[in-house]
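Me: I would like to learn how to read a model like this one. Please show it, and then take me through a few features.

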Amino acid sequence: MRSHVTAAVVLTAVAALVVSACTTDSGTTTAGARPTAGPAAVLPDLTVEPDPKLHAMLPESIRSTNTVRVATDIPYPPFEMYANEGSKQITGIDYDLGQAIGARLGVRFDFTAQKFDGILPAVQAGKFDAVMSAMTDKKARQKSVDFVDYLNAGPGWLVAKGNPAGITVVTDVCGKPVGVQTGTNHQKLLQQRQQLCEAKGLPPIRILTFSKESEAQLALRSGKVVADYLDEVTAAYVASTADGGNAFSTVTGRAAVGEYSASPMGIGISKDQAGLEEAVRAALQSLMDDGSYRKILGKYEVPNIAIPKATVNGALD
């Protein structure tokens, strides 16, 4: 799944500045053209300069529109969320990193909300060029998209404040209702945990699926489920921010969540956009090399989920 990480997260997130992009008079560029978007202020203390060589690596369809259409499932904090209640301004780790990659490539990363279980079909249908949505790079998913791997984080439990269900090992949820978002790797992991319950002669986990992570959290609030299975980083963020930190707690560690692989999170790239995968990988690597990548993770106080190198299709399972 994802490697284990213990991460303290910020209580609030500052909305990222949208990278502006403009077109030439003709609306197109040539392979040797300079990027049409200038330096972009991604964070108050981070300005990213475009690289003409990386811009030239982009497929012509991207250079002609100066836009990479990105699908993301909102909210899934701190990876993607709205800046505040009622706002449509997107922020979060994925959004900020996407703006930085776009700025380096000299184009705009245009994020659009999409339900998680519909993201890969939408990319395959040509509606989006990329996915940035805390998606685990899985070999099965590589049939739909290619992944540029960029983060690594493990699963965790979000529970009611104080952990009243007493979850300390994964079999503590056998016979109990737990929530998970539909179409996620976490859902598959929970289904695998059923074998542990069976081996101990315990009743199976009552897995309730929800189309959005926020719906699973509502089910936890109402007592419909005793726990919610999701990324550890997101669990920690929600526990620290919801109701001033008074609504939820987290339970982490392999004993509690079960074994998982170290497959990283990946930026999903459409297989129909030849050249985009390598351009994104090279842009991400440049941000890793100059420290911009770690500055973005530092904003959300999650430096431990960083990986040392931008790789392609690095799934372990």
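Reply: Start with pLDDT, the predictor's confidence in each residue, from 0 to 100. This is a predicted model, so local features need pLDDT of at least 70, side-chain atom pairs count only at pLDDT 80 or more, and totals for chains, interfaces and linings use all residues. Residues are numbered from 1 along each chain as its sequence is written, and side-chain values use heavy atoms, with hydrogens and water left out.

Me: What pLDDT does the chain average?

Reply: The average is 89, and 88% of the residues score at least 70. Residues 1–32 have a pLDDT below 50. That stretch still has 115 contacts in the model beyond near neighbours in sequence. A contact means heavy atoms within 4.5 Å.

Me: How are helices and strands assigned?

Reply: They are DSSP runs, numbered from the N terminus: helices are H or I with at least four residues, strands are E with at least two. The expected span of a helix is 1.5 Å times one less than its number of residues.

Me: How far apart are the end C-alpha atoms of helix 5?

Reply: They are 22 Å apart. Helix 5 covers residues 185–199, so its 15 residues should span 21 Å at 1.5 Å a residue, and the model agrees. Gly-201 follows helix 5, with a positive phi near 70°.

Me: Which residues of helix 5 are buried?

Reply: Buried means under 20% relative accessible area, exposed over 50%, partly exposed in between (1.4 Å probe, protein chains only). In helix 5 the buried residues are Asn-185, His-186, Gln-187, Leu-189, Leu-190, Arg-193 and Cys-197. They pack against strands 9 (155–160), 10 (177–181), 11 (206–210) and 12 (227–231), and against helix 8 (254–257).

Me: Now backbone angles. Which residue other than glycine has a phi near 55°?

Reply: Glu-301, and the value is positive. Glu-301 sits in the loop between helix 10 (292–299) and strand 15 (311–312). Its relative accessible area is 41%, so Glu-301 is partly exposed.

Me: Is Asn-66 buried or exposed?

Reply: Asn-66 counts as buried, because its relative accessibility is 1%. Asn-66 is not a glycine either, yet its phi is positive, about 60°. Its place is the loop between helix 2 (60–65) and strand 3.

Me: Last, omega. Which peptide bond has an omega of about 0°?

Reply: The bond joining Ile-74 and Pro-75 is cis, with omega about 0°. Pro-75 lies in the loop between strand 3 (67–72) and strand 4 (81–82). The bond from Pro-77 to Pro-78 is also cis, with omega near 0°. Pro-78 lies in the loop between strand 3 and strand 4.
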